[in-house]
Amino acid sequence: SVTRELRSMLTDEACEQAIATFAVNLKPLLMQPPVKGMVTMGLDPGYRTGCKVAVVDETGKVLDTAVIYPAPPHNKIAEAERIVTGLIKKHNVKVISIGNGTAGRETEKFAADTVKGTDVKYVIVSEAGASVYSASKLGAEEFPDYDVSLRSAVSIARRLQDPLAELVKIDPKSIGVGQYQHDMPQKRLDETLEGVVEDCVNSVGVDLNTASVSLLSHVSGVNSTVAKNIVAYREAEGAFRSRKELLKVPKLGAKAYEQCAGFLRVPESAEMLDNTSVHPESYRAAKSLLLLCGSDISKLPDELKRIGMDKAAEECGIGVPTLKDILRELQKPGRDPRDELPKPLLRSDVMEMSDLVPGMELTGTVRNIVDFGAFVDIGVHQDGLVHISRICDKFIRHPSEVLKPGDIVTVWVLEVDQKKKRISLTMKKPQ
């Protein structure tokens with residue numbers, strides 16, 4: 001009855017506004033910068049059932065799993081330290097990814113104490129949707145030999161290495177981008193959130209030789225059937241050597257190829273353009289540009305200034321915007337737009353609320369945006385609140401105008417209430 005009453009109060013305009021807010025909150029979660037090239041340990045915290053542990057290599061392959069009990073009611077801290085230290089040494093773990101759910105803070109303190117004095121760092125990540133994925137059909141297909149809880153630990157480790165590749169496996173409504181999703185018009189909500197996922201996947205690009213079915217199915221022009229066929233072809237014939245080889249994949253015709261090829265990367269290809277977002281139909285223009293300006297890519301900008309953008313575009317038979325896009329890709333083939341975003345904060349210690357004093361300067365990560373401000377993780381057991389009036393000097397109607405989840409920000413402590421467990425922060429530097 002409460003749900004029916006709530007739905008009756010939601011006007012079409014209010015629903016559209018709420019759905020738009022969900023979409024705005026979802027994109028930064030999907031576009032979080034990856035932490036690449038490191039063996040990672042994932043910790044899925046828990047009290048009674050213990051903390052699940054999974055170690056994955058640089059490519060996300062599972063190397064080892066375990067269950068430890070460092071939190072109440074078991075408090076087997078010494079045993080947990082022995083197991084985790086052993087796994088770190090055995091697999092040369094460089095970073096620990098800790099879920100922010102139940103027992104997350106106790107697990108963070110345990111991890112910080114365990115890695116103290118070593119070069120291993122840790123990061124707190126959102127575990128929203130990890131349990132949904134681990135119990136899903138996809139999770140069972142991917143890890144049939146692992147318990148449901150261990151799959152969650154694998155997901156937590158992988159979402160630090162490549163958040164987008166892992167989060168696309170989860171229904172967008174389960175990623176935790178807002179409240180009352182189930183009270184919205186479901187068809188409209190699904191269309192909007194799926195559109196955000198597809199936009200993120202296409203803007204980042206997908207490595208054709210490593211992408212999962214889940215990731216491939218979000219590429220423009222590729223449905224789930226074609227995605228499965230791509231992976232099946234790759235497993236049968238070996239790694240793709242060029243984009244053109246996609247035309248050999250069953251049910252991937254010329255039209256679908258035209259749509260999807262520019263979003264699929266083939267780093268192993270002899271054709272450099274196969275590792276860029278330049279679409280095959282623009283290859284001729286890209287090669288004409290190189291002939292016009294010389295093959296030394298580092299000198300392209302100077303040569304274009306000398307020739308003139310309009311004239312160069314005319315010579316290549318394309319528009320100036322397309323020319324600029326091609327130039328950007330030629331300068332940085334295989335470019336990942338997420339690399340330009342602030343990296344996650346790698347920590348090695350943990351503070352307590354009692355360590356905080358007014359005026360202290362800290363660096364934190366924006367965890368959540370609400371109407372009245374932003375919650376920031378500053379490395380203690382409680383996120384601090386930056387009220388909307390203390391975010392910036394100019395007037396803003398909503399914190400999302402200047403902040404988004406995942407942003408790395410500098411804050412100053414205003415007030416600490418130990419009894420109520422409240423931390424008041426400001427982003428305006430004290431005078």
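## A walk through the predicted model

At the start of helix α11, a side-chain oxygen of N223 comes to within 3.2 Å of the backbone nitrogen of T225. Please keep in mind as you read that this is a predicted model.

Let us stay with helix α11 for a moment. It has 14 residues, and the distance from its first C-alpha to its last is 20 Å, close to the 20 Å expected at 1.5 Å a residue. The buried residues of α11 are V226, A227, N229, I230, V231, Y233 and R234, and helix α10 is part of what covers them. Just after α11, G238 takes a positive phi of about 95 degrees.

The loop between α11 (224-237) and α12 (254-260) holds K251, and K248 has its place in the loop between α11 and α12 as well. K251 has a positive phi of about 70 degrees although it is not a glycine. With a relative accessible area of 68%, K251 is exposed. K248 counts as exposed at 59% relative accessibility. From K248 to L273 you would count 25 residues in sequence, and their C-alpha atoms are 19 Å apart in space.

Next comes helix α9, residues 186-204. How far apart are its end C-alpha atoms? They are 27 Å apart, which agrees with the 27 Å that 19 residues should span at 1.5 Å a residue. The buried residues of α9 are L189, T192, L193, V196, V197, C200, V201, N202 and V204. Their cover includes the helices α2 (12-30), α8 (163-167) and α10 (213-216), along with the strands β6 (206-207) and β7 (264-265). Just after α9, G205 takes a positive phi of about 90 degrees.

Not counting residues up to four places away in sequence, D336 touches V204, P34 and K36. D336 is found in the loop between α16 (320-331) and β8 (361-370). Is D336 buried or exposed? It counts as buried, because its relative accessibility is 8% and the cut-off for buried is under 20%. The side chains of D336 and K36 are joined by a polar contact of 3.4 Å.

Another aspartate to look at is D377, in strand β9 (residues 373-377). D377 is buried, with a relative accessible area of 3%. Its side chain makes a polar contact of 3.2 Å with the side chain of R367. Leaving aside neighbours within four places in sequence, D377 is in contact with R105, I124, R347, T363, G364, T365, R367 and D383.

Strands β2 (residues 51-56) and β3 (residues 62-68) run antiparallel and are joined by 6 bridges. One of these pairings is that of C51 with I68 in β3. The hairpin of β2 and β3 has 5 residues between the strands, and in it G60 takes a positive phi near 95 degrees.

The loop between β3 and α3 (77-91) is the place of P73. The peptide bond from P72 to P73 is cis, with omega near 5 degrees. For a side-chain feature, look at K76 and Y69: the charged end of K76 sits over the ring of Y69, 5.6 Å from its centre.

A103 is another non-glycine residue with a positive phi, near 70 degrees. It lies in the loop between β4 (95-99) and α4 (104-115). At 4% relative accessibility, A103 counts as buried.

How many aromatic pairs does the structure hold? There are 3 aromatic pairs. F143 and Y146 form one that is edge-to-face, with 5.8 Å from centre to centre and 65 degrees between the planes. F143 counts as buried at 7% relative accessibility, whereas Y146, at 27%, counts as partly exposed.

| Residue | Relative accessibility and class |
|---|---|
| D377 | 3%, buried |
| A103 | 4%, buried |
| F143 | 7%, buried |
| D336 | 8%, buried |
| Y146 | 27%, partly exposed |
| K248 | 59%, exposed |
| K251 | 68%, exposed |

Technical notes. Residues are numbered from 1 along each chain as its sequence is written. This is a predicted model: local features need pLDDT of at least 70, side-chain atom pairs count only at pLDDT 80 or more; totals for chains, interfaces and linings use all residues. Side-chain values use heavy atoms; hydrogens and water are left out. Helices (H or I, at least four residues) and strands (E, at least two) are DSSP runs, numbered from the N terminus. The expected span of a helix is 1.5 Å times one less than its number of residues. Buried means under 20% relative accessible area, exposed over 50%, partly exposed in between (1.4 Å probe, protein chains only). Contact means heavy atoms within 4.5 Å. Two strands pair if DSSP finds at least two bridges between them. A polar contact is a pair of N or O atoms within 3.5 Å; within protein, one must be able to donate a hydrogen and the other to accept it, and residues adjacent in sequence count only if both atoms are side-chain atoms. Rings of Phe, Tyr and Trp (its six-membered ring) pair if their centres lie within 6.5 Å; planes under 30 degrees apart count as stacked, over 60 as edge-to-face and the rest as tilted. A charge sits over a ring if NZ of Lys or CZ of Arg is within 6 Å of the ring centre and within 35 degrees of the ring normal.
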